[in-house]
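Keep the sequence beside the model as you read.

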Amino acid sequence: MKKVFYPALFHKAEEGGFWVSFPDIPECLTQGDDMTQAYEMATDALGLALACREKEQQPLPEASDPSELSPEPGAFLVVIEFDMLAYKKRTSSRAVKKTLSIPEWLNETAMAMDLNFSQVLQEALISKIQAKL
């Protein structure tokens, strides 16, 4: 998944700070004490909402065109950038064991070079994933 951009509505909270909603993802709400914290919380909330939808095999909603949205009084529009691969790296670092087979000559050569098989596999997979995005 490439970076995605979703419009968010930042509403001034009566008690100070902001609360944030996403027109395309109604269940995604968050808040922050100031603009910086509200933006960071909005990014995290968006990540959680999209990751949950992906895990439940639900399609991700199409992002609305920001020029077609009209914020209500006291609210303003901010487009939130989200990178699913970076989010997964940050939040899903639990290791899983994989069993694989490689040719004997490749194993012997790699061992002689003192290569870390897990690291090489991770780097190769990340490279392939990024190339497909």
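Predicted model: local features only at pLDDT ≥ 70, side-chain atom pairs only at ≥ 80, totals over all residues.

**Charged pairs and pockets**

At 34% relative accessibility, Glu81 counts as partly exposed. Residues are numbered from 1 along each chain as its sequence is written, and side-chain values use heavy atoms, with hydrogens and water left out.

Start with the partner of Glu81. Its side chain meets that of Lys3 in a salt bridge, at 3.0 Å from N to O. Glu81 sits in strand β4 (residues 75-83) and Lys3 in strand β1 (residues 3-12), so the pair ties together parts that are 78 residues apart in sequence. Helices (H or I, at least four residues) and strands (E, at least two) are DSSP runs, numbered from the N terminus. A salt bridge here is a side-chain nitrogen of Lys or Arg within 4 Å of a carboxyl oxygen of Asp or Glu. Lys3 is partly exposed, at 46% relative accessibility.

How many salt bridges does this rule give? The count comes to 3. Side chains of opposite charge can pair when their charged atoms come close.

Glu27 and Arg53 form another salt bridge, again described by its N to O distance of 3.0 Å. This pair links distant parts of the chain: Glu27 belongs to strand β3 (residues 25-32), Arg53 to helix α1 (residues 35-55), and they are 26 residues apart. Arg53 is buried, at 15%.

Helix α1 also carries Asp44, which bridges to Arg90 in helix α2 (residues 84-91), so the pair ties together parts that are 46 residues apart in sequence. The closest N and O atoms of Asp44 and Arg90 are 3.2 Å apart. Asp44 is partly exposed at 33% relative accessibility. Arg90 is exposed at 52%.

Now look at the loop between α1 and β4. Glu72 is found there. Its relative accessible area is 45%, which makes Glu72 partly exposed. Glu72 and His11 are 61 residues apart in sequence, and their C-alpha atoms are 8.7 Å apart in space.

The largest pocket holds about 1,100 Å³ of space. Of its 24 lining residues, Val96, Ser118, Leu121, Gln122 and Leu125 are the closest to its centre. Pockets are found on a 1 Å grid over the protein atoms alone: a pocket is an open set of points where a 1.4 Å probe fits, with protein on both sides within 12 Å along at least five of seven lines, and lining residues have an atom within 4 Å of a point. Which element gives the largest share of the lining? Helix α4 does, with 9 residues. The helices α2, α3 (104-112) and α4 (117-132) each supply at least two lining residues.

The second largest pocket holds about 170 Å³. Ala51, Glu54, Lys55, Tyr87, Lys88, Thr91 and Ser92 line the second largest pocket. The elements giving two or more residues to this lining are α1 and α2.

Note on methods. Buried < 20%, exposed > 50% of the residue type's maximum accessible area, 1.4 Å probe, protein only. Points joined across faces, edges and corners; volume = space filled by probe spheres on them.
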